[in-house]
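Biologist: I would like to learn how to read a few features of a protein model. Please give the general idea each time, then the case at hand.

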There are 2 protein chains.
Amino acid sequence: MSTSSTVLKIGVLGSGSGSNMQSVLDAIQAGTLNAEIRLVLSDVADAKILDRARNHNLPHAWLDCAPFKTKLDGQAEQRCIALLKESGVDTVVLAGFMRIVKPGLLRAFPQRVLNIHPALLPAFPGLHAWQQALEYGAKVAGCTVHFVDAGTDTGPIIIQRAVPVLPGDTAATLHARIQVEEHIAYPDALRLLSEGRLSLSGRRVELA
Amino acid sequence: MSTSSTVLKIGVLGSGSGSNMQSVLDAIQAGTLNAEIRLVLSDVADAKILDRARNHNLPHAWLDCAPFKTKLDGQAEQRCIALLKESGVDTVVLAGFMRIVKPGLLRAFPQRVLNIHPALLPAFPGLHAWQQALEYGAKVAGCTVHFVDAGTDTGPIIIQRAVPVLPGDTAATLHARIQVEEHIAYPDALRLLSEGRLSLSGRRVELA
């Protein structure tokens with residue numbers, strides 16, 4: 001590390017393949033990110049992200065989020081917070097977690113819950129952002145790493161990376177192009193956090 | 001020109017310095033854009049864009065838009081359309097024109113009214129878009145050339161170009177960085193139009 005940094009103790013929440021978690025893990029293993037993944041939780045029992053965790057000998061668990069379908073709330077939220085705290089987690093990384101997180105988790109990890117979104121927010125919040133961009137006819141798309149706040153995809157922005165939308169793009173080709181940038185942006189944002197270089201001025205993230 | 005093209009007969013509407021008109025004029029004079037500026041109209045009697053027109057021997061006029069303050073409507077709209085048609089204009093280029101154009105102008109020049117906006121639409125429509133981006137804390141900003149439709153900054157997008165928001169940026173430094181891209185994007189978009197390479201699929205501009 002070129003700058004003094006604190007080891008981040010990361011808990012990952014994901015619902016899908018976990019490719020963003022993989023990019024974080026790759027940066028840790030390459031020595032370019034001062035962090036440890038302490039726990040991987042998924043609300044989907046057979047999600048590939050849990051297989052990845054298992055293959056890398058990372059502590060992991062299925063988090064039963066019933067009766068809720070689209071949010072992390074109630075007893076499931078409490079259980080999630082307890083598991084993260086017991087694992088010594090200080091930084092929560094949402095990596096394709098398909099549920100809205102509620103204020104309980106945000107209060108438990110103030111300014112320490114991060115998300116990545118496949119669009120240049122505030123454009124195209126919500127689901128399938130790359131598809132929204134394509135249908136809108138945007139010519140530049142991208143991704144955003146942000147602190148999570150009480151809104152949906154509204155929190156202070158740490159990093160954005162742009163990609164072109166190219167003639168002939170399908171949802172799949174555009175999504176793949178955005179994911180390449182996601183896998184750079186998420187480790188970069190966590191590195192800035194570990195180096196203590198991020199501060200908030202109103203809703204703006206300033207870089208020291 | 002590497003591709004066959006039709007000479008665009010451009011009418012420019014502007015309220016300010018006319019730097020975007022200058023970029024179009026520069027491209028014409030450099031032989032990279034097959035177009036003529038037939039008429040320059042400004043709603044601001046002492047706008048610098050009229051000085052520029054005069055200095056380049058371009059036909060120009062002040063367009064009295066009273067009693068309206070924020071739109072081009074009523075008799076002023078009719079006069080504007082008449083002046084443009086008399087000059088043989090087939091393509092209307094909004095270049096820092098600080099009024100909402102209404103359906104009358106759009107019907108007179110269907111799919112031939114273009115605007116440039118200093119943000120990556122649909123993010124930050126409206127006034128002072130670069131300031132909005134800075135205050136929001138966006139890390140990528142840019143500009144958009146689009147066909148004008150009945151909404152405000154909602155029309156089909158022809159070209160977008162991105163710029164980074166850098167630490168220490170002020171509204172002025174960010175605006176200047178965006179303008180550099182505007183002066184590339186507007187001639188590029190008009191070139192695609194002159195080459196007949198733009199078609200609409202729903203609200204998407206497709207590139208042939």
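Biologist: How much area is buried between chain A and chain B?

Modeller: Buried area is the accessible area, taken with a 1.4 Å probe, that two parts lose on being put together, summed over both. Between chain A and chain B about 2000 Å² is buried, and carbon and sulfur atoms give 61% of that area. This is a predicted model, in which local features need pLDDT of at least 70 and side-chain atom pairs count only at pLDDT 80 or more, while totals for chains, interfaces and linings use all residues. Residues are numbered from 1 along each chain as its sequence is written, chains are lettered from A and ligands numbered from 1 in the order in which they are written, and side-chain values use heavy atoms, with hydrogens and water left out.

Biologist: How many residues does the contact take from chain A and from chain B?

Modeller: Contact means heavy atoms within 4.5 Å. By that rule chain A brings 24 residues and chain B brings 24 residues.

Biologist: How many salt bridges and how many polar contacts are counted between chain A and chain B?

Modeller: A salt bridge needs a side-chain nitrogen of Lys or Arg within 4 Å of a carboxyl oxygen of Asp or Glu. The count between the chains is 0 salt bridges. A polar contact is a pair of N or O atoms within 3.5 Å; within protein, one must be able to donate a hydrogen and the other to accept it, and residues adjacent in sequence count only if both atoms are side-chain atoms. Across the interface, 8 residue pairs are in polar contact, both residues at pLDDT 80 or more.

Biologist: Which elements of chain A supply at least two residues each to the side that touches chain B?

Modeller: Helices (H or I, at least four residues) and strands (E, at least two) are DSSP runs, numbered from the N terminus. The elements are α5, β9 (157-164) and β11 (204-207) of chain A. Of the side of chain A that touches chain B, β9(A) gives the most, with 6 residues.

Biologist: How is a pair of aromatic rings described?

Modeller: It is described by the distance of the centres and the angle of the planes. Rings of Phe, Tyr and Trp (its six-membered ring) pair if their centres lie within 6.5 Å; planes under 30 degrees apart count as stacked, over 60 as edge-to-face and the rest as tilted. The structure holds 2 aromatic pairs over all chains. One of them is A:F124 with A:Y136, edge-to-face at 5.7 Å centre to centre and 65° between the planes. A:F124 lies in the loop between β7 (113-117) and α5 (129-136) of chain A and A:Y136 in helix α5, so the pair ties together parts that are 12 residues apart in sequence. B:F124 and B:Y136 also form an edge-to-face pair, with 5.7 Å between centres and 65° between planes.

Biologist: Are B:F124 and B:Y136 buried or exposed?

Modeller: Buried means under 20% relative accessible area, exposed over 50%, partly exposed in between (1.4 Å probe, protein chains only). Both B:F124 and B:Y136 are buried.

Biologist: What lies over the face of B:Y136?

Modeller: A charge sits over a ring if NZ of Lys or CZ of Arg is within 6 Å of the ring centre and within 35 degrees of the ring normal. Over B:Y136 lies A:R203, 3.8 Å from the ring centre. Within chain B, the charged end of B:K85 sits over the ring of B:F109, 4.2 Å from its centre.
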